Amino acid sequence: MWPFAKRGARTTTPDSVASSELDYALFEENGACVKIWLPEKLTQALDQLSAAYDASRPDVLRALLFEHVYGRQELEALIAWKQRRDKEAAASMLREPQAPYTALEGKRSVAIDLFGKATEDIKLFLPRRLKAEIVTLAKKDGLGVSDYVRKTLVRMLLGEMVHQQWQTAIGNVSAEIRLAESEEEV
């Protein structure tokens with residue numbers, strides 16, 4: 001993880017990690033939607049991660065938000081769980097002849113000088129439980145979902161120092177701006 005590492009892992013097995021309370025199957029379907037406005041700097045950072053991990057921008061956003069809500073350890077455990085399921089499914093397909101595959105369509109139900117105007121309007125489909133957790137966290141912070149996600153992405157992609165500079169620069173967001181953004185959220 002750290003590019004200047006001097007040695008490898010001290011443990012040989014990830015089994016020492018505590019088991020999760022999460023039912024990862026709840027995160028397989030992206031049945032909820034949030035609308036977020038992102039400024040150019042955040043869009044560029046997302047695009048860099050998208051290219052680096054060969055993943056779509058929505059997949060990068062889902063992973064970042066999952067990590068934000070549940071932590072890095074849970075994200076790594078979710079990835080390992082999915083990989084195990086994929087291996088099991090592949091092995092099962094080799095053992096048993098399957099019906100021809102048919103594709104199913106998935107159900108998709110403060111302008112800031114520091115970052116540029118939030119011109120990118122993104123509808124992000126994500127698991128219902130993850131959206132519910134984000135809504136709860138946003139309410140605890142007194143923010144709309146779009147504001148909360150934008151703040152979270154600034155912290156995760158651009159760093160805490162940039163976030164603090166931003167907060168100092170903008171001061172308190174007016175009630176009118178919060179109301180306008182909350183009306184645009186899906």
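This is a predicted model: local features need pLDDT of at least 70, side-chain atom pairs count only at pLDDT 80 or more; totals for chains, interfaces and linings use all residues.
How many of the 14 residues of helix 5 are buried? Ten of them are, leaving this helix mostly covered; buried here means under 20% relative accessible area with a 1.4 Å probe, counting protein chains only. Residues are numbered from 1 along each chain as its sequence is written, and side-chain values use heavy atoms, without hydrogens or water.

Let's step back to the whole chain. Its seven helices and two strands follow the order β-α-α-α-β-α-α-α-α along the sequence; helices are DSSP runs of H or I with at least four residues, strands are E runs with at least two, and both are numbered from the N terminus. Of the 186 residues, 31% count as buried.

Now back to helix 5, residues 145–158. Its buried residues include Val 145, Tyr 148, Arg 150, Leu 153 and Val 154. Just after the helix, Gly 159 takes a positive phi of about 100°.

Helix 1 (residues 40–53) is a partner to follow: its axis comes within 10 Å of that of helix 5, and the two cross at roughly 55°. That angle makes helix 1 oblique to helix 5, since angles under 35 degrees count as roughly parallel, over 145 as roughly antiparallel, 65 to 115 as roughly perpendicular and the rest as oblique. Where do they touch? Lys 41, Leu 42, Ala 45, Leu 46 and Leu 49 in helix 1 meet Arg 150, Leu 153, Val 154, Leu 157 and Leu 158 in helix 5, with contact meaning heavy atoms within 4.5 Å.

How values were computed:
The expected span of a helix is 1.5 Å times one less than its number of residues. Buried means under 20% relative accessible area, exposed over 50%, partly exposed in between (1.4 Å probe, protein chains only). Axes are lines fitted to C-alpha atoms, for helices over the stretch in contact, and angles run from 0 to 180 degrees between N-to-C directions.
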